[in-house]
Amino acid sequence: IQTDTGAILGTAIQAKFTITFGYPKLGLFLDPAIDHVGEIHQVAIGIPDKYIEDMPISTTLITADEIKRILPDRKPSSHKGTYGHTGIIAGSLGKTGAAALAALAALRVGTGLATIATPQSVNASLESKTLEAMTLPMPETSEKTLSLSALPLLQTFAQTHQALGLGPGLTTHPETMEMLQALISKIQRPCVIDADALNALAGKTDILRNCHSTPVLTPHPGEMARLIGNVSAQHINTHRLTVAQEFAQQHACILVLKGARTIVAEPDGQAAICPTGNPGMATAGMGDVLTGMIAGLLAQGIPPGLAAKAGVFLHGLAGDLGMHELGQASLMASDVLDFIPQAILTTQQETSE
């Protein structure tokens, strides 16, 4: 296995465990090597830390110890306002589950309050799915998606929340797409842009430079291909690291390229690879949970790049914990919701070697 690219050079065994000396090798975390390496164990061999610190490294591996330092402490004097109010703009007829998953994930990761802005005719069904989250009905199109007339209300909604999650279950209705383009260009709060909000940016990515706070984009390879244009999802998967780094630099955003070994790329060219997650998470609703988790961390005042890393790592770890209990084939997005608390506890209890 080529250690920089993950390419298979002739023949490679299907390992259950791979021991790597000194520090992780980039290729072990890239496709197609990830199908061969199994569980990766890093073994120290005495390389001085100073030697590594002096190297110009642009790609790192997200670790539990790093995420432990990111997560905020809960002070005895806290109240629900201490940890921010997360706004979720999501849902449409038949797709209220996406909105519910995102809002509940924001609460599970520690935000104090969560409210979902959703088309008025689906509001009642959404309320029945979310005991702890609030809902706010909005003007809708004849197809029961958010309408352009909702824009002024959504601008006010955005301004009165500490962070936003946009996109889950909104559909690609032309009027909804027009509304999203106008809204994203005016947002002054930290935000996560996912799903149909990403589709609204296809061919219009210059809008991102108008965002007051560095936006976090969470595309899967298909959405990434549409954002860039004239490339395939296969091309994205083949060049995941380069694509993520270049897009984040060109558009001054945090780019979370989802998939097998999710990548978090930042505007300064730095990138981090997430070691958590498993094939059982290749199912509906997982991205909605991730959107809510990152938005919930943003609402607590965590900077966008760090919130993206923490959200991705904890999301994958919750999926791994769920897999060990339920198996890969049966794992669902709502299961990952249930394992977020254990993922946080496990990370907080991490001890540095």
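A: A quick cut-off before we start: a residue is called buried under 20% relative accessible area, exposed over 50%, and partly exposed in between. Keep in mind, too, that this is a predicted model.

Let's begin with Ile57, which sits in the loop between helix H1 (49–53) and strand S3 (59–61). Its relative accessibility is 39%, so Ile57 counts as partly exposed. Ile57 also belongs to a nonpolar surface patch of about 760 Å², along with Ile19, Phe21, Val43, Ile45, Ile47, Tyr51 and Met55.

Most residues other than glycine have a negative phi, and most peptide bonds are trans. Asp31 and Pro32, however, are joined by a cis peptide bond, with omega at about 5°. You'll find Pro32 in the loop between strand S1 (17–21) and strand S2 (39–43).

Then there's phi. Lys144 isn't a glycine, yet its phi is positive, about 65°. Lys144 lies in the loop between strand S6 (134–138) and helix H5 (151–159), and with a relative accessible area of 31% it is partly exposed. Asn230 has a positive phi as well, near 60°. That residue is in the loop between helix H8 (221–228) and helix H9 (233–238), and its 88% relative accessibility makes it exposed.

Note on methods: Residues are numbered from 1 along each chain as its sequence is written. This is a predicted model: local features need pLDDT of at least 70, side-chain atom pairs count only at pLDDT 80 or more; totals for chains, interfaces and linings use all residues. Side-chain values use heavy atoms; hydrogens and water are left out. Patches are made of residues with over 30% relative accessible area and no salt bridge: like charges are joined within 9 Å, nonpolar side chains (Val, Leu, Ile, Met, Phe, Trp, Tyr) within 5 Å. Accessible areas come from the Shrake-Rupley method with a 1.4 Å probe; for residues, only the protein chains shown count as cover. A salt bridge is a side-chain nitrogen of Lys or Arg within 4 Å of a carboxyl oxygen of Asp or Glu. Helices (H or I, at least four residues) and strands (E, at least two) are DSSP runs, numbered from the N terminus. Buried means under 20% relative accessible area, exposed over 50%, partly exposed in between (1.4 Å probe, protein chains only).
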